[in-house]
Every structure is written in C-alpha cells, then in structure tokens.
Amino acid sequence: MNKAPFHEVVIDAGSSGTRLSYFYVTPSLPGGKATVSLQFTKKYKDSGINDFMSGQGTISTSVLPSPSLPSGCTGTSGLGQSQVGPCVLQPLLDYLTTQLSGTAKSAVKIELFATAGMRTEDVKNGGSFTSAQITNFYDNIMKPYVVNTVQYTDVGAFKTINGNSEEGVWSWINLNDLRYNTFAPGNGCGNNQIGDFEVGGSSMQVAFPVNATASDPANIYNVNINGCSINVYSKTFLGLGGDDARKFMRAYNY
C-alpha cells in the first residue's frame with residue numbers, strides 16, 4: 001500500500017551557498033518512482049557552511065528581507081560554527097514559515113545535505129577536521145538549532161553526501177528522468193540514457209550508463225526504478241568545481 005503524501009524540506013548546503021527547497025511528495029510502491037512536486041526554493045547569500053566550519057563564514061545582508069543582521073547573528077564575516085544557525089539557517093527557515101499557510105510545522109520534515117565543500121573539510125580529503133568533528137557540527141550544532149530555536153521538530157538527516165554513489169548518481173537520475181522520461185512506468189528505460197558532467201562549486205561529477213557489473217570499488221552502481229535497471233559509472237573529482245577552479249587560477253595569477 002502506498003504511504004500518505006508528505007511535505008519535505010531539503011537544505012542544499014553547497015560550497016558556494018545554501019538553498020532551501022520545499023517539496024510535496026507522493027510515495028510510490030517499493031521500487032517505484034515517487035511523485036515529487038517542487039513548491040518553491042529560497043537562497044540568500046552565504047559563503048557555504050564549510051566556511052562556517054572553519055571559522056571563515058560570510059553572509060550578505062543586502063539580499064535579506066531586512067538589510068540588517070539576522071537575530072543572533074554577530075556579523076557578516078569571520079563567522080564560525082555557532083553562527084551557522086542564526087546567520088544561515090534562521091533566515092531560510094523564517095522564509096519557510098511565511099510560506100506554510102495552514103501547514104503545521106510538525107507536518108514538515110527538514111533534512112540537510114552538504115556536498116563537496118564539506119567533503120573538502122575532512123582530513124581524509126586534505127581538510128582540517130575529523131569525521132567525528134564534522135558529525136558533531138551536524139548533530140550537535142545545526143540540528144538542535146532547528147529543533148530548539150526555530151521549532152521544526154521533524155528533523156531528519158543532516159550530513160555530507162558522497163560524490164560517487166549519491167551526488168553523481170542522483171544527478172544522473174534526475175537528468176535522465178526529466179529530459180528523457182527514462183523511469184516512467186512501462187517505458188522500458190526509454191531509448192536515450194545519456195551521461196553527464198555535473199560541475200558544482202568544489203567538485204565535478206561524471207556519470208554515464210555502462211554494460212558492466214555493479215561494483216562499488218569500480219564506481220559502478222545499479223539504479224532500479226519502476227523496473228528499469230541500469231548500471232551507472234559515477235565518479236567525483238574534488239577541486240574541479242567552478243569556484244575551486246577560479247580560486248586556483250587567481251592564486252597563480254593566470
């Protein structure tokens with residue numbers, strides 16, 4: 001039996017800024033494709049939560065509803081982990097509240113998924129923070145802020161997604177679903193599955209269908225939606241995002 005429709009808020013925490021998107025989701029049978037309706041998105045101007053992780057966060061008040069600091073936010077630059085809540089999350093969630101109409105806060109689930117900006121903060125990728133410190137940033141700083149200060153009680157995952165099986169594969173699914181209707185019921189996978197280069201701020205993802213066995217070590221992942229089963233090669237490359245490429249060029253005066 002299908003589950004009941006629900007409201008989902010996804011905070012996309014990219015390396016160049018943070019965006020809130022509000023969705024109405026109608027689940028499907030297991031293995032099927034949910035119906036997802038984007039209601040609205042909102043983005044102000046912050047430098048990305050990875051900068052707040054390292055004490056270098058910035059915001060711009062010029063794009064906020066009131067050209068002044070959000071309540072509890074102490075400045076516009078040099079902002080640290082404790083400021084990510086009032087300076088970044090609070091304005092986005094305040095906007096969400098204005099759009100909810102009669103929908104109770106308890107009916108909305110909020111999740112945050114960070115991408116390559118936060119991956120570069122991990123010592124495993126040459127950054128300055130352990131996985132435990134990054135988890136603490138999510139679980140003990142950001143999530144409690146949302147629950148206790150903004151009072152949205154249904155808070156799900158706050159985490160960094162990996163670039164291979166998550167960011168790369170999800171982007172590939174989205175492209176092929178929207179452009180070629182690949183995963184429509186009864187479509188037999190369509191005829192035009194294509195590959196893609198997806199360039200973010202701090203990484204680039206390359207993904208394309210392959211005739212090879214799914215294998216995590218080989219970066220080949222099985223996608224199976226509505227009976228359409230495709231194996232996809234997906235690989236992420238840190239440092240090849242648009243923002244990082246520009247930083248490199250400026251650093252070497254090219």
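1. Four strands form an open sheet in the order β6-β7-β9-β8, and the pairing is antiparallel. The edge strands, β6 (196-199) and β8 (220-225), each pair on one side only. Two strands pair if DSSP finds at least two bridges between them; strands (E, at least two residues) and helices (H or I, at least four) are DSSP runs numbered from the N terminus. On average, neighbouring strands of this sheet are turned by 30° against each other, direction ignored.

2. This is a predicted model, in which local features need pLDDT of at least 70 and side-chain atom pairs count only at pLDDT 80 or more, while totals for chains, interfaces and linings use all residues. Residues are numbered from 1 along each chain as its sequence is written, and side-chain values use heavy atoms, without hydrogens and water.

3. β8 and strand β9 (residues 228-238) run antiparallel and are joined by six bridges. Ile-225 stands opposite Cys-228 in β9. Helix α5 packs on the sheet and touches β6, β7 (203-209), β8 and β9; its direction makes about 125° with that of β9. Contact means heavy atoms within 4.5 Å; axes are lines fitted to C-alpha atoms, for helices over the stretch in contact, and angles run from 0 to 180 degrees between N-to-C directions.

4. The largest nonpolar core has 38 residues, and Ile-49, Leu-93, Leu-96, Ile-110, Leu-112, Tyr-138 and Met-142 have the most contacts inside it. At least two of its residues come from each of β1 (6-14), β2, α1 (49-53), α2 (84-99), β4, α4 (131-150) and β5 (155-160). Such a core is a set of buried Ala, Val, Leu, Ile, Met, Phe, Trp, Tyr and Cys residues joined through side-chain atoms within 4.5 Å. A second, separate core of twelve residues includes Cys-189, Ala-207, Ile-225 and Val-232.

5. Which residues does Met-142 touch, leaving aside its neighbours within four places in sequence? They are Ile-49, Val-84, Leu-89, Leu-112, Phe-137 and Phe-158.

6. Rings of Phe, Tyr and Trp (its six-membered ring) pair if their centres lie within 6.5 Å, with planes under 30 degrees apart counted as stacked, over 60 as edge-to-face and the rest as tilted. By this rule there are six aromatic pairs. Tyr-22 and Phe-40 are stacked, at 5.1 Å centre to centre with 5° between the planes. Tyr-22 lies in strand β2 (residues 17-26) and Phe-40 in strand β3 (residues 35-43), so the pair ties together parts 18 residues apart in sequence. Tyr-22 is buried at 6% relative accessible area, and Phe-40 is buried at 14% (buried is under 20%, exposed over 50%, partly exposed in between; 1.4 Å probe, protein chains only).

7. Phe-113 and Trp-170 make an edge-to-face pair, 6.4 Å centre to centre and 75° between the planes. Phe-113 is in strand β4 (residues 108-114) and Trp-170 in helix α5 (residues 163-180), so parts 57 residues apart in sequence are tied together. Phe-113 is buried at 17% relative accessibility, whereas Trp-170 is partly exposed at 42%.

8. Two positive phi values occur in residues other than glycine. Cys-189 has a phi of about 75°, lies in the loop between α5 and β6 and is buried at 14% relative accessible area. For Asn-219 phi is near 60°; this residue is in the loop between β7 and β8 and is buried at 12%.
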